[in-house]
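Please walk through this structure from its helices to its cores and rings. Keep the sequence and the coordinates open side by side.

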Amino acid sequence: MLAPENHISANDDTAVVDEAIMSRRSVRAFLPDPVDDSTIRDILKVAARAPSGTNMQPWRVYVTKGEVKEAISKAILTSGIRAEKAEWDEYKYYPDQFFEPYLSRRRANGFGLYSALGIGRREVDRMRAQHDRNFVFFDAPVGMIFTIDRRLNKGSWIDYGMFLQNIMIAARARGLDTCPQAAFAPYHRQIRPLLGIKDEEIVVCGMALGYEDPSKPENGFRTDRAPLEEWVTFVAEAGGQ
């Protein structure tokens with residue numbers, strides 16, 4: 001039997017796809033090199049092939065550069081609202097209280113990043129300054145803001161995650177890097193008027209897009225992943241393993 005026209009050869013393409021996925025990470029320092037609009041459009045077109053329930057395609061994207069991107073940064077950084085005091089009034093990303101194993105993973109991530117930057121555990125001001133770099137999109141030339149219609153339900157948020165992942169993988173295939181940033185969500189009041197975001201849209205997150213600056217120590221930090229044995233169960237028979 002002949003393979004269908006869209007058949008993917010494991011020998012030819014598995015390594016390429018795996019590399020795009022495995023090399024995806026949150027880059028926190030970018031070069032100023034521009035990304036042309038045609039490349040951004042291509043990435044978003046590919047990403048839009050993400051599945052969504054009944055093909056509703058719940059995503060909406062605002063792509064910002066230059067003065068508009070800088071205006072978003074200024075509006076947030078001069079709002080007087082510290083990140084730790086920002087109100088998650090549209091949706092909650094994190095639980096009210098962390099618990100294991102998630103608490104340990106969260107701490108390992110934070111301590112690992114700050115260690116790479118030479119920031120001590122008691123250097124609160126430096127930690128805040130590093131967190132504030134979220135709001136300049138880590139100096140990336142492109143900053144994207146993502147929204148979803150508030151009338152949609154949890155299933156559409158699941159679909160949205162697949163769309164965001166597609167963007168990040170498609171970017172890697174083009175030699176670009178990203179950082180998804182939920183930190184923008186509590187600042188929707190500062191962002192809305194600048195982008196003309198309607199009241200029925202919830203700001204889901206932001207995303208920095210550009211070329212990694214390999215000279216920056218924060219980009220040398222790598223997160224790990226829990227071994228499969230911690231989170232995978234193979235069920236061989238009904239009612240048992």
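A residue is called buried when its relative accessible area is under 20%, exposed when that area is over 50%, and partly exposed in between, using a 1.4 Å probe and protein chains only. This is a predicted model, where local features need pLDDT of at least 70 and side-chain atom pairs count only at pLDDT 80 or more, while totals for chains, interfaces and linings use all residues. Residues are numbered from 1 along each chain as its sequence is written, and side-chain values use heavy atoms, with hydrogens and water left out.

Start with Gly-143. Its relative accessibility is 0%, so Gly-143 counts as buried. Gly-143 belongs to strand S2. Helices (H or I, at least four residues) and strands (E, at least two) are DSSP runs, numbered from the N terminus. Contact means heavy atoms within 4.5 Å. Setting aside residues up to four places away in sequence, Gly-143 touches Tyr-62, Val-63, Thr-64, Lys-69, Phe-137 and Met-207. Ser-73 lies 70 residues from Gly-143 along the chain, and their C-alpha atoms are separated by 10.0 Å.

Lys-69, Ile-72, Ser-73 and Ile-76 are the buried residues of H3. Down the helix axis, these buried residues fall within an arc of 95 degrees, so they line one face of H3. The arc is taken over the directions from the helix axis to the C-beta atoms. The other side of H3 carries Glu-67, Glu-70 and Lys-74, which are exposed. What covers the buried residues includes strand S1 (60-64), strand S2 (142-149) and helix H7 (188-195).

Helix H2 can be read in the same way. Thr-39, Ile-40, Ile-43, Leu-44 and Ala-47 are buried in H2. They fall within an arc of 130 degrees seen down the axis, so they line one face of the helix. Arg-41 and Lys-45 are exposed on the face of H2 turned away from the buried side. The buried residues of H2 pack against S1, S2, H6 and S4.

Next come two strands. Of the 5 residues of strand S3 (177-181), 4 are buried, so S3 is largely enclosed by the rest of the structure. Two strands pair if DSSP finds at least two bridges between them. S3 pairs with strand S4 (201-210) in the antiparallel sense, over 5 bridges. Cys-179 stands opposite Ala-208 in S4. Thr-178 is also found in S3. It counts as buried because its relative accessibility is 2%. Beyond residues up to four places away in sequence, the contacts of Thr-178 include Arg-25, Val-27, Phe-30, Met-168 and Met-207.

Now the cores. In soluble globular proteins, nonpolar side chains tend to be buried together. A nonpolar core is a set of buried Ala, Val, Leu, Ile, Met, Phe, Trp, Tyr and Cys residues joined through side-chain atoms within 4.5 Å. The largest one here has 27 residues, and Met-144, Phe-146, Tyr-160, Phe-163 and Ile-167 touch the most other members. H2 (37-47), S2, H6 (154-173) and S4 each supply at least two residues of this core. H6 gives the largest share, 7 residues. A second, separate core of 20 residues includes Val-27, Tyr-62, Ala-140 and Phe-184.

Last, the rings. Rings of Phe, Tyr and Trp (its six-membered ring) pair if their centres lie within 6.5 Å; planes under 30 degrees apart count as stacked, over 60 as edge-to-face and the rest as tilted. The structure holds 13 aromatic pairs. Trp-88 and Tyr-91 pair edge-to-face, 5.7 Å centre to centre with 85 degrees between the planes. Trp-88 has 29% relative accessibility and so counts as partly exposed. Tyr-91, at 16%, counts as buried. Tyr-160 and Phe-163 also pair edge-to-face, at 5.9 Å and 75 degrees. Both lie in H6, 3 residues apart, about one turn of the helix. Tyr-160 is buried at 1% relative accessibility, and Phe-163 is buried at 2%. Ring pairs also link Trp-88, Tyr-91, Tyr-93, Tyr-94, Phe-98 and Trp-157 into a cluster.
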